[in-house]
Amino acid sequence: MKRIATAALSVVLLATAGCTNDGGGSNNSGGSTNVPGVTGTEIVVGTHMPLTGPAAGGYSKIAPATKAYFDYVNANGGVHGRKITYKIKDDGYNPANTQTVVRELVLQDKVFAILNGLGTPTHTGVLDFLKTNRVPDLFVASGSRSWNQPDKYPGTFGFNPDYTVEGKILGTYIKENLAGKKTCFLGQDDDFGRDSLAGVEKVLGAVAAKESYVTSNPNVGPQMGALKAAGCEVVVLATVPGFTALSIGTAAKIAFKPQFVVSNVGADPTTVGKALGAGAPLLEGVVATNYLPLNTDEANPWIQLFKKINAEHNGNAEFDNNIVYGMSVGYLFVQALQAAGKDVNRDKLLEAVTKNGFQGPGLVPLRFSATDHSGYAGAQLTKVEGGKAVFFGTPYTTDDADGPVAPHQGQPAAPPPNGVPAA
Amino acid sequence: MTAIEARPATSTKTMPGAPRRRRVHPAIVIVVGAVLVVALTYVLPPFRNYQLATVGAYFCVTAGLTVLTGLNGQLSLGHGALMATGAYTLALSQNKWENLPLSFALAVLVTTAVGAVIGLAAARLRGPYLAGLTLAVAIVVPSVTSTFDETFNSDQGLSVMLNPPPEQYPMEQWQAWLCWAAALIVVLLLALLVRGRFGRDLRAVRDDETAAKLAGINIARTQVLAFVVSAACAGVAGALFAYLAQSVSPGAFPLTLSLFLLMAIVIGGLGSLFGALWGALLLVVLPTLSQSVGEHAGSQRLEGNLALIVFGVVLVVVMLAAPGGLASIPSRISRLIRRNR
Amino acid sequence: MSEFIYLTFDGLSRGLVYAAFALALVLIWRAARIVNFAQGAMAVAAVYVAYSVTNATGSYWLGFVVALLAGLVLGVTVERVVMRFVDHSSPLNGVVVALGLVLIIQGTLGIIYGNEYLPVETPFSRDAFEVGGVAMLSRYDLFVIAAVGTVVVLLTLLFTRTAVGLRMRAAAFAPDVSRLLGVSVGGMLTLGWALAAGVGSLAGMLVVPTELGVHPTAMDVVFISAFAAAVVGGLDSPIGAVVGGLVVGLLLSYVSGYIDVTVAPMAVLALLVVVLLGRPGGLFSSSKARVA
């Protein structure tokens with residue numbers, strides 16, 4: 001009998017556990033609408049991010065920056081009179097945790113949309129769930145091409161230029177400026193590395209040598225040794241920041257000094273320089289790309305705005321490109337909400353995003369349309385000079401297929417005076 | 001003196017199948033459990049139903065691990081990898097044939113076969129050496145998926161084609177039913193299995209190999225069988241996880257999963273299937289609880305980390321205060337009451 | 001050929017770190033029959049201490065010494081405050097408590113220092129000497145060799161030449177008899193933990209600067225490799241730990257360099273299978289393994 005009693009007890013326990021948090025779901029009752037996560041005074045949005053674990057480095061600053069931007073908007077009257085509440089859930093970059101936290105956000109917290117969920121393997125796993133529940137899945141934080149499947153996942157939109165687009169731009173730089181040099185490649189062993197390599201090879205043809213790394217093994221000694229032995233003069237890195245630092249540091253250790261050309265995801269000089277410590281000067285001359293203003297460009301009005309918000313609403317965290325990224329995501333989302341109108345619902349939000357026409361901090365246009373859900377259309381090249389990245393040349397745009405890499409004309413927009421996009 | 005006398009009494013009590021005066025047949029417990037679960041699914045909101053389903057999926061693997069580690073004394077740090085085997089088999093089969101029962105059967109079959117291979121090696125090893133080997137198995141998952149990326153698609157993993165449930169039932173409720181149906185069948189089979197001769201052999205080998213050998217028990221065979229049974233359970237659990245998530249990727253089966261499974265069954269109470277239930281419950285409830293503690297603390301830096309600390313403290317405190325695990329607490333309390341009387 | 005030489009040195013210098021770490025595991029196993037899963041987290045804690053001290057004072061060596069001391073103190077604390085009260089009737093209890101400690105230590109470090117990789121300096125240049133265009137060893141590699149070598153020699157002397165070492169071995173192998181003979185078994189246990197944690201901290205100090213920097217989980221991968229090394233060598237054998245460490249280090253380096261880095265974990269599994277099927281108690285197991 002005791003066993004049955006234990007079973008009953010555990011069931012009761014589970015049931016009580018079920019009741020403790022139900023308050024989160026009852027937000028709807030006060031509002032005039034029947035849209036999940038939207039009341040007359042509030043819009044609840046959620047995200048999943050690695051706040052802990054090995055992948056948290058650098059990326060853990062993005063969501064707080066987005067939240068800081070929302071707080072700023074809220075302090076300035078909100079969007080159509082509604083305040084934005086941003087729920088940040090830690091998934092530790094483990095896809096199984098992502099499953100749970102995203103369900104919690106959607107089913108329990110009843111969020112209106114998922115914004116800027118980070119990571120390819122983590123976010124891939126929740127695409128179907130979000131589609132089934134018709135939850136807008138906006139501005140995914142990764143350059144995988146998986147987000148750009150309008151027929152299969154009509155509610156999912158990217159943010160970053162996809163890795164192939166970026167690879168083609170990096171390849172074009174090498175073709176024009178480092179012609180005839182032996183070009184090699186080191187990439188992460190997933191879509192990031194593969195798509196990036198595909199982009200580079202679309203422009204340059206096959207590279208002379210290619211190596212890969214896995215994030216679970218923080219030693220790239222053997223790979224850099226192989227690239228040195230192959231006589232590489234240019235090395236393209238499709239690496240996350242920690243591994244950019246590790247690769248450049250390891251190369252220096254074995255007196256291997258090629259020209260490094262680095263993907264945007266792993267090129268933030270603040271993050272990489274910090275990881276290199278005393279070896280930070282090794283970053284001089286490294287070429288990379290970016291599609292948002294650079295954190296060190298004090299003259300840029302966007303940077304001035306974001307710095308102000310960072311001081312007021314983000315505890316004055318160290319201002320790096322992750323913060324610029326997070327705030328740019330926040331700005332774009334507020335633009336989309338403004339465009340969706342006062343009687344916002346999920347369909348209207350997606351319509352607004354599809355309609356596009358957003359002018360923001362980005363150097364190139366966003367690609368959003370009925371047939372294209374990928375993010376920024378291209379990027380501009382940067383070079384590290386005096387410890388800071390600086391832009392050179394013009395921004396380029398291209399596609400992930402065989403389209404040309406074309407210079408982008410047109411000036412970037414200036415931020416609105418109060419820092420909040422107009423309706 | 002009381003303490004010394006009480007000790008052996010508890011240790012026999014926590015073992016299922018140990019002689020008792022009135023024994024409830026496992027089938028009755030299972031039927032009661034099934035009724036309770038079905039009732040719960042109508043009361044709980046969707047997210048809680050999803051968590052309930054997850055508990056069911058975990059219950060399969062913790063029950064199997066309990067048989068291996070608790071009853072047979074073999075330590076496995078590699079059950080996460082066995083779950084991955086089940087999950088990937090389900091995904092591949094489902095994407096090819098779209099026949100869920102067939103995919104489940106294949107998942108169990110393939111995992112059982114893999115478990116048999118590991119079990120054969122494991123039967124020669126003891127204690128930390130077995131731990132070392134199974135640990136290496138646990139970390140091989142991402143390596144295999146990357147090396148054979150044409151089949152397994154590397155870190156990104158595969159999505160699983162699934163037909164939606166019958167329209168009148170919400171998705172999460174349906175998931176809870178399926179997971180618990182599987183879990184209760186698995187546990188019923190295990191309970192019947194360990195009641196009989198096989199269970200006696202398992203315990204005999206765990207307690208004293210030499211004595212067991214003298215009693216005519218084939219030790220290697222018993223150990224391999226224990227591994228196979230437990231692997232099959234892990235296969236079911238893995239398949240359920242693939243079904244729940246509609247996707248599989250190596251990141252969902254990290255080494256920490258294997259370690260957490262082990263922690264769960266030890267805290268739940270080693271050697272008792274009820275302990276396995278407690279363990280499965282903990283695996284779902286504890287992270288949620290500690291995350292909400294972290295969220296209430298407010299600070300960004302605290303959030304994820306505080307959850308880790310809460311989890312760790314619970315582990316240590318339970319192990320120090322109640323080494324028999326949660327399942328032993330009722331008998332501890334009743335003993336305390338008896339002593340005070 | 002040059003790649004082979006480079007890979008060999010790369011493997012040896014990492015293998016030495018695995019060896020030191022495996023040695024720490026062996027020390028605790030011999031003293032307490034526990035595989036200390038918290039070893040990695042404890043070592044990381046010591047490295048963080050060094051990080052703070054070095055940043056505050058500007059002296060690497062002061063940080064280095066304080067880290068080793070912090071390691072010793074942490075070892076004593078863990079043994080006295082937690083491990084001593086674990087019910088050892090099931091060997092699993094110790095494992096679970098150690099895993100719980102990992103979470104507590106990593107969470108605490110994350111709160112104090114954040115979940116960013118923080119750069120850690122090396123006291124010597126990591127630029128490798130080149131001989132005929134082939135990168136060989138760096139000054140830092142030589143420092144690693146010297147440090148690990150010193151530890152191995154000192155431990156050997158301690159266990160074979162001193163009374164304390166003899167008592168420690170006695171307390172581990174025959175606690176009841178030792179107690180009758182007046183050996184403080186508990187004290188020896190604490191000493192064992194302190195030594196092991198000290199050696200673990202040293203390994204942490206040596207390996208962290210060569211990887212991504214210090215992070216609450218920075219030693220997780222090293223722990224796995226070192227545990228594999230200790231198992232290959234035999235958990236009762238300090239020599240086994242050193243040999244195992246070198247074997248694992250070389251294997252990982254060759255496989256990553258010649259085949260692919262993704263294959264490396266499979267190579268470790270294959271090594272364990274081959275060694276353990278031949279010798280179920282590791283390469284240097286002294287007593288014959290129990291027959292199944």
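Predicted model: local features only at pLDDT ≥ 70, side-chain atom pairs only at ≥ 80, totals over all residues.

Reader: Which element of chain C gives the largest share of the side that touches chain B?

Author: The contact draws 44 residues from chain C and 43 residues from chain B. On the chain C side, the elements giving two or more residues are helix 4 (91–113), helix 9 (220–233) and helix 11 (264–278). The largest share, 15 residues, comes from helix 4 of chain C.

Reader: How many charged residues does the side of chain C that touches chain B have?

Author: Chain C contributes 44 residues to this contact. Sorted by class, its side has 31 nonpolar and 11 polar residues, and the charged residues number two.

Reader: Why do the buried residues of helix 11 of chain C line one face of the helix?

Author: Helix 11 of chain C has 15 residues and spans 21 Å from first to last C-alpha, close to the 21 Å expected at 1.5 Å a residue. Its buried residues are C:A264, C:P265, C:V268, C:L269, C:L271, C:L272, C:V275 and C:L276. On the other side of the helix, C:V274 and C:G278 are exposed. The buried residues line one face because, seen down the axis of helix 11 of chain C, they fall within an arc of 160 degrees.

Reader: Against which helices of chain B do the buried residues of helix 11 of chain C pack?

Author: Within chain C, these buried residues pack against helix 9 and helix 10 (238–259). In chain B, their partners are helix 6 (127–138) and helix 7 (140–147).

Reader: Is A:F159 buried or exposed?

Author: A:F159 is placed in the loop between strand 5 (156–158) and helix 6 (163–177) of chain A. Leaving aside neighbours within four places in sequence, its contacts are A:N116, A:F139, A:V140, A:A141, A:V329 and A:G375. A residue is buried if 20 or more other C-beta atoms lie within 10 Å of its own. A:F159 has 24 such neighbours and therefore counts as buried.

Reader: How far apart in space are A:F159 and A:L366, C-alpha to C-alpha?

Author: In sequence, A:F159 and A:L366 are 207 residues apart. In space, their C-alpha to C-alpha distance is 8.0 Å.

Technical notes. Residues numbered from 1 in each chain as written. Chains lettered and ligands numbered in written order. Contact = placed C-beta atoms within 7 Å. Helix = DSSP H or I, 4+ residues; strand = E, 2+ residues; numbered from the N terminus. Nonpolar A, V, L, I, M, F, W, Y, C, P; charged D, E, K, R; others polar. Expected span 1.5 Å × (residues − 1). Buried ≥ 20, exposed ≤ 12 C-beta atoms within 10 Å, placed from the backbone. Arc of directions from axis to C-beta.
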